[in-house]
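Dear colleague,

I am passing on a structure that you have not worked with before. Please look through it first, and then read the notes below on what was found.

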Amino acid sequence: MRVDIVSIFPEYFAPLDLSLIGKARANGTLRLAVHDLRTWTHDVHRTVDDTPYGGGPGMVMRPEPWGEALDALAPDELSPDGHTLPRLLVPSPAGDRFTQAMAHELAAESHLLFACGRYEGIDQRVLDHAATRMRVNEVSLGDYVLFGGEVAVLVILEAVTRLLPGVLGNAGSLEEESHAHGLLEAPMYTKPASWRGHEVPEVLRSGDHGGIARWRRDESLLRTAARRPDLIAALPPESLDKRDRAA
Ligand SMILES: N#Cc1c(-c2ccc3cc[nH]c3c2)n[nH]c1N
C-alpha cells in the first residue's frame with residue numbers, strides 16, 4: 001500500500017518510523033511519504049491560511065497550495081505501473097465516524113492520500129474539486145475537537161496498517177479483538193493465576209476449550225451490552241443465537 005500524507009507539521013509523523021508500522025515500511029508492505037504543504041506555496045512567507053469569507057473566528061487553509069499538492073500526488077495521467085488515483089481522506093470533526101469496518105475497507109485500497117487540516121479547516125472547494133476526479137472521504141475520530149488532522153491520521157493509519165497481510169505477527173489476534181465481530185472483546189488474563197487476591201477465572205485454566213469459548217462469548221456480550229448497547233442493537237439478528245440472548 002502506498003500512503004501519502006500532506007501536513008504543515010510533517011514532523012508529527014516521526015512515530016511512523018517506530019514499531020510495527022516502521023517494520024511495514026522497512027519491508028515494503030507500506031510505502032509512506034510525508035509532505036510539507038508549504039512545498040506548494042510560492043510567497044516569501046509560505047502562506048497556507050487566510051481569513052474566512054463571511055467572517056468568524058480563526059483562519060481557513062487556502063485552496064491554492066492544496067490544489068497543487070493534490071495535483072502533484074494524485075496526477076490524472078496513469079503512471080507506467082498502472083497507478084490508479086488515490087482515495088483522499090480528510091480528517092474533520094464534521095466527517096463520517098471512523099470505524100473498524102472503514103479500517104478494513106481502507107486496508108483494501110492501493111493508495112491512500114491524507115490531507116491534514118489545521119486552523120478552522122481546509123477551503124471546501126479543495127474537497128469539491130478533488131471529488132471531481134477521485135474518491136474523497138471526510139473522516140472523524142469522534143465527537144470531540146482536536147487542533148488538526150495529524151493525530152487522526154496517526155490513528156487511522158495504525159488501524160489500517162495492522163490489517164495489512166504480514167504486519168501483525170499473529171493474524172489470529174484480529175479474529176477475537178474488540179469490534180472484530182461487532183462486539184467488545186472479553187477480559188484477558190495471563191500468569192500468575194493468583195495476583196493480589198485476584199484470581200484468573202477457573203474456566204480459563206480448565207483446558208475445556210468449548211467452555212472457554214462459551215465463557216468468552218458470554219463475557220463479550222455482557223461487556224458490550226453494558227458499555228456499548230449501540231453495538232448490540234447494530235448486530236445482524238442472525239448473529240445472536242438463543243444462548244446469546246439468554247446471556
Ligand atoms: N478527524 C478528526 C477530528 C478533528 C479535527 C480534524 C481536522 C482538523 C483541522 C482543524 N481542526 C481539526 C480537528 N477534531 N475531532 C476529530 N474527531
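In these notes, Ala, Val, Leu, Ile, Met, Phe, Trp, Tyr, Cys and Pro count as nonpolar, Asp, Glu, Lys and Arg as charged, and the others, Gly among them, as polar. On that division, the residues of the shell around the ligand comprise 10 nonpolar, 6 polar and 1 charged.

Please keep in mind that this is a predicted model, in which local features need pLDDT of at least 70 and side-chain atom pairs count only at pLDDT 80 or more, while totals for chains, interfaces and linings use all residues. Residues are numbered from 1 along each chain as its sequence is written, and side-chain values use heavy atoms, with hydrogens and water left out.

To begin with the ligand, there are 17 residues around it, and V139, L141, G142, Y144 and L146 come nearest (a residue is near a molecule if one of its heavy atoms lies within 4 Å of it). Strands β5 and β7 (136–140) each supply at least two residues of this shell, and β5 gives the largest share, with 3 residues; strands here are DSSP runs of E with at least two residues, helices are runs of H or I with at least four, and both are numbered from the N terminus. Polar contacts are pairs of N or O atoms within 3.5 Å; within protein, one must be able to donate a hydrogen and the other to accept it, and residues adjacent in sequence count only if both atoms are side-chain atoms. A nitrogen atom of the ligand lies 2.9 Å from a polar backbone atom of L146, one is 3.1 Å from such an atom of V139, and one is 3.3 Å from such an atom of S92.

S92 belongs to strand β5 (residues 87–97), and its side chain reaches the backbone nitrogen of A94 at 2.9 Å. Why is S92 called buried? The reason is that its relative accessible area is 16%, and buried means under 20%, exposed over 50% and partly exposed in between, with a 1.4 Å probe and protein chains only. Leaving out residues up to four places away in sequence, S92 touches E138, V139 and S140, where contact means heavy atoms within 4.5 Å.

F98, with neighbours within four places in sequence set aside, is in contact with A103, L106, V139, S140, L141, I156 and A159.

With best wishes
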